[in-house]
Amino acid sequence: MNRTQSEKLFAEALKYIPGGVNSPVRAFRAVGGNPFFVNRASGSKVWDVDGNELIDYVCTWGPAILGHAHPKIISAIKTAAEFGTSFGIPNPLEVTMAKLICELVPSVKKIRMTSSGTEACMSAIRLARGFTRRDKIIKFDGCYHGHVDSLLVRAGSGALTFGHPDSAGIPAAFTSHTIVAPYNDVEAVKAIFAANKNEIAGIIVEPVPGNAGLYLPKPGYLEFLREITAANGALLIFDEVMTGFRLAKGGAQERFGITPDLSTFGKVIGGGLPVGAFGGRAEIMDYLAPLGPVYQAGTLSGNPIAMAAGLANLEELDRCGAYDRLEKIGEQLEAGMMDAAKSANIPVRLNRCGSMFCGYFTSEPVHNVADAMHSDRERFKKFFHGMLDAGVYFAPSQFEAGFISTAHTAADIEKTVQAAAKVLRNL
Ligand SMILES: *Cc1c(COP(=O)(O)O)cnc(C)c1O
């Protein structure tokens with residue numbers, strides 16, 4: 001595959017951008033080689049600057065659930081842009097968006113928009129601490145909640161890929177109120193509550209963790225988190241930045257039938273523009289300024305173009321029966337990939353939840369990040385490059401989830417599975 005233009009651009013990028021990328025997960029550090037540059041995307045495909053066509057399972061890390069450049073989203077953005085790019089004054093689309101989210105996600109009675117998932121998570125834990133007047137937060141090993149100082153502890157993909165779980169530049173004091181537990185482990189959480197009576201403000205959790213690959217909650221685990229937080233006066237915060245409006249209309253909380261106190265959103269909610277949000281019980285949300293004592297703000301929060309794009313995405317998802325289709329395509333991909341692995345005699349565990357998936361090169365089940373670490377990463381590197389050369393783009397790290405969009409066709413999946421069969425046979 002010719003990548004001359006991409007190589008040129010990357011050499012230039014390295015001079016002016018640290019590592020040549022504006023987010024470290026885009027670099028190919030975990031798989032070797034250099035990232036390619038894309039200047040066009042449509043439906044299930046992206047085209048690099050050398051004109052190579054790729055079937056895309058990154059889907060801009062989740063937002064492109066209707067595929068790239070969906071006509072309804074593009075048209076909504078154009079229309080909104082004609083009226084002005086930002087007002088810094090309330091605009092009607094903010095109300096439409098807030099009302100729609102409250103309808104789609106019943107646990108959310110009030111919502112506030114931000115410009116990223118990171119901001120949403122940062123604000124949600126500040127609010128949980130302000131509301132409960134407690135400092136300690138429980139998070140899970142391998143869960144990522146954005147690059148928030150106090151949450152960047154054992155935080156999944158980026159950190160795992162680069163082998164230093166904690167970032168430099170974060171004073172130990174900033175994370176001293178963050179307690180980390182292994183996911184899917186009931187006893188560990190019980191022990192933390194027992195050792196920190198009346199001190200835990202809340203638990204923040206990705207209900208289906210997708211930042212160390214992908215693994216699912218064991219039956220009863222999310223119910224357990226709901227019960228133990230309620231019994232201890234702590235809040236349950238679902239980080240649905242990845243799962244929201246993806247695993248179901250109402251996110252993972254609808255799929256698993258759990259009612260969290262607070263939820264955070266991002267990715268799909270912005271239709272490809274920079275958007276995040278956090279919301280939940282009204283009496284908690286009313287703790288926010290200007291009504292309450294917890295300060296939170298944003299110059300571009302509720303931006304009219306971003307709201308228009310996000311609304312178009314959510315409305316179209318609701319209208320087009322997306323979730324049934326995503327489930328079907330997901331099943332087809334899972335079955336095909338498992339067949340390919342079996343016939344190549346390569347041990348693979350494929351975890352999938354609707355349109356999110358991750359294949360690990362291990363024969364053991366993967367229920368948390370410790371299990372994920374058993375995957376054969378050398379094998380993943382070869383698999384990744386083999387698939388890329390065959391025109392299929394998976395995320396450039398073992399510890400990322402893959403995403404399917406409604407634009408992925410049965411033919412895309414068939415092509416992917418055939419390429420995988422060939423690549424796996426040669427591993
Ligand atoms: C992507 C992600 C975030 C951070 O969102 P950004 O928009 O990248 O700041 C937070 N939580 C989860 C679960 C995510 O997947």
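These are my notebook entries on a predicted model.

**Entry: strand β5**

I began with strand β5, residues 136-140. Buried or exposed? I found five of its five residues buried. I then looked at each face. In a regular strand the side chains alternate between the two faces of the sheet. On one side of β5 I listed K136, I138 and F140. On the other I listed I137 and K139. Both faces are covered, and these residues are all buried.

Next I asked which strands pair with β5. Strand β7, residues 200-205, runs parallel to β5, and three bridges join them. In that pairing, I138 has I203 of β7 as its bridge partner. Strand β6, residues 178-181, also pairs with β5 in the parallel sense, over four bridges. There, K139 has V180 of β6 as its bridge partner.

**Entry: helix α11**

I turned to helix α11, residues 304-319. At 1.5 Å a residue, its 16 residues should span 22 Å. The end C-alpha atoms are 22 Å apart, so the two values agree.

How much of α11 is buried? I noted 13 of the 16 residues as buried, so the helix is largely enclosed by the rest of the structure.

At the start of α11, a side-chain oxygen of N303 comes within 3.0 Å of the backbone nitrogen of I305. Just after the helix, G321 has a positive phi of about 65°.

**Entry: salt bridges**

I searched the whole structure for salt bridges and got 17. Side chains of opposite charge can pair when their charged atoms come close. I followed up several of them.

I took D286 and K110 to begin with. Their side chains meet in a salt bridge at 2.9 Å, N to O. D286 lies in the loop between α10 (282-285) and α11, and K110 lies in strand β4 (residues 110-114), so the pair ties together parts 176 residues apart in sequence. D286 counts as partly exposed, because its relative accessibility is 28%. K110, at 35%, counts as partly exposed as well.

Then I took D141 and R154. The closest N and O atoms of this salt bridge are 3.1 Å apart. Both residues lie in the loop between β5 and α5 (157-162), so the pair ties together parts 13 residues apart in sequence. I noted D141 as buried, with a relative accessible area of 16%. R154 counts as partly exposed at 41% relative accessibility.

R226 belongs to helix α8 (residues 221-231), while D261 sits in the loop between α9 (251-256) and β9 (262-265), so the pair ties together parts 35 residues apart in sequence. I found R226 buried, and D261 too.

I then placed I89: it lies in the loop between α2 (71-82) and α3 (92-104). Exposed means over 50% relative accessible area. I89 reaches 57%, so I counted I89 as exposed.

Notes: Residues numbered from 1 in each chain as written. Predicted model: local features only at pLDDT ≥ 70, side-chain atom pairs only at ≥ 80, totals over all residues. Heavy atoms only, no water. Helix = DSSP H or I, 4+ residues; strand = E, 2+ residues; numbered from the N terminus. Buried < 20%, exposed > 50% of the residue type's maximum accessible area, 1.4 Å probe, protein only. Expected span 1.5 Å × (residues − 1). Polar contact = N/O pair within 3.5 Å; in protein donor to acceptor, adjacent residues only side chain to side chain. Pairing = 2+ DSSP bridges. Salt bridge = Lys/Arg side-chain N within 4 Å of Asp/Glu carboxyl O.
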